[in-house]
Amino acid sequence: MNSIEIRELTKEFGRTRAVDRLTFDVVPGRVTGFLGPNGAGKSTTMRLLLGLDRITSGTATIGGRRFTELPDPLQQVGALLDAQSAHGGRTARDHLRLLAAAARVPVRRVEDVLEQAGIAAAAGRRIKTFSLGMRQRLGIAAALLGDPGVLLLDEPTNGLDPEGIVWIRELMRSLAAEGRTVLVSSHLMTETAALADHLVVLGQGRLLADTSMEEFIEARSAPRVRLRTTDPIRLRSALARRGLELVSAEGGRWTVADIRAEELGAMAAREGIPLLKLVDERASLEEAYLDLTAEHAPFAATH
Ligand SMILES: Nc1ncnc2c1ncn2[C@@H]1O[C@H](COP(=O)(O)OP(=O)(O)OP(=O)(O)O)[C@@H](O)[C@H]1O
């Protein structure tokens, strides 16, 4: 009932096809990261789902119904689209009270969500005095107002400081753990990897991947370790016996591809080779994502 179903969804703005025959589901109980470079069609998909733009063809439904057909839409779906859209002259509390009245949500929810979003102390201040991060928190408070089963958050970490990013990560995890459907867009792979269980990747309006985060990492980032040792000669020959190569890196470090730290550490211990430092490298995840999306980036032009 809280699933999102996107079927053959297409949106054209004049000659631009912003969303191109997109099909995927977003299910409850996990955080789904909606990834893609700028202009890939993430915001447009969310707007179509919320009935804010007219669909060219295909369908976008929530529990089998279009957003505009839902009996109490704001109690079923909470969205953060553009955190800058709140009226600057009002206080945060008044802004939320107006939204609550429009959505037929009890006004006491306003205090709950102010608290939940960490802006209770600033509730009486005018929104125009808010920083980008505070506006973002206010937008999230508004999305939570109707206690919805489905949350659509477009780039929610925009403007948040590191503490805010950790907060939103935990908030999304707890909302998903309560059985809600959480779709969060981002153009950053590493940020999404830290918060999502599942990934939907777009490039130029098309679906490039719909996979669990674990599978994405497993399939796309070949393991590699970085290490320091006092005995590179013995380590090199131990690795060579396994068909692996010790490659020199800057600063007296070494790297080995196609092996994880755990495995290499156990091997070195068995052979009595001292290691001073040993870490898994995960940088290749961002590289894999950039590879996947590069050829679909609108400005990666072929001239
Ligand atoms: N109202 C509009 N009129 C014309 N073109 C539009 C409109 N809205 C979006 N587009 C175009 O549709 C494409 C997809 O844009 P969209 O904003 O959905 O991408 P996005 O993945 O959300 O990117 P971003 O991360 O920059 O928000 C872009 O080429 C954009 O220029």
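Begin with everything displayed, and keep in mind that the model is predicted. If you colour the protein by pLDDT, you are looking at a mean of 90, with 95% of the residues reaching 70 or more. Where pLDDT is low, the predicted coordinates should not be read in detail. For the complex, the predictor gives an ipTM of 0.94 and a pTM of 0.81.

Next, show the protein as a C-alpha trace, which spans about 70 × 45 × 40 Å along its principal axes, and then switch to a cartoon, in which eleven helices and 13 strands make up the secondary structure. As you follow the chain, note that, among contacts between residues at least 6 apart in sequence, 69% join residues at least 24 apart.

Select Leu96, Ala141, Leu145, Leu152, Met172 and Val184, which touch the most other members of the largest nonpolar core, a group of 63 residues. Then select residues 132–144, which form helix 5 and supply seven residues, the largest share of this core.

Which residues does Val184 touch, leaving aside those up to four places away in sequence? Select Val184 together with Val31, Gly33, Phe34, Leu153, Pro156, Met172, Leu195 and Ala196, because these are its partners when two residues are taken to be in contact if their C-beta atoms lie within 7 Å.

As a last stop, select Val225, Leu227, Leu239 and Trp254, which are among the nine residues of another core, lying apart from the largest one.

Definitions and conventions:
Residues numbered from 1 in each chain as written. Predicted model: local features only at pLDDT ≥ 70, side-chain atom pairs only at ≥ 80, totals over all residues. pLDDT = per-residue confidence, 0-100. Helix = DSSP H or I, 4+ residues; strand = E, 2+ residues; numbered from the N terminus. Core = buried A, V, L, I, M, F, W, Y, C linked by C-beta atoms within 7 Å. Buried ≥ 20, exposed ≤ 12 C-beta atoms within 10 Å, placed from the backbone.
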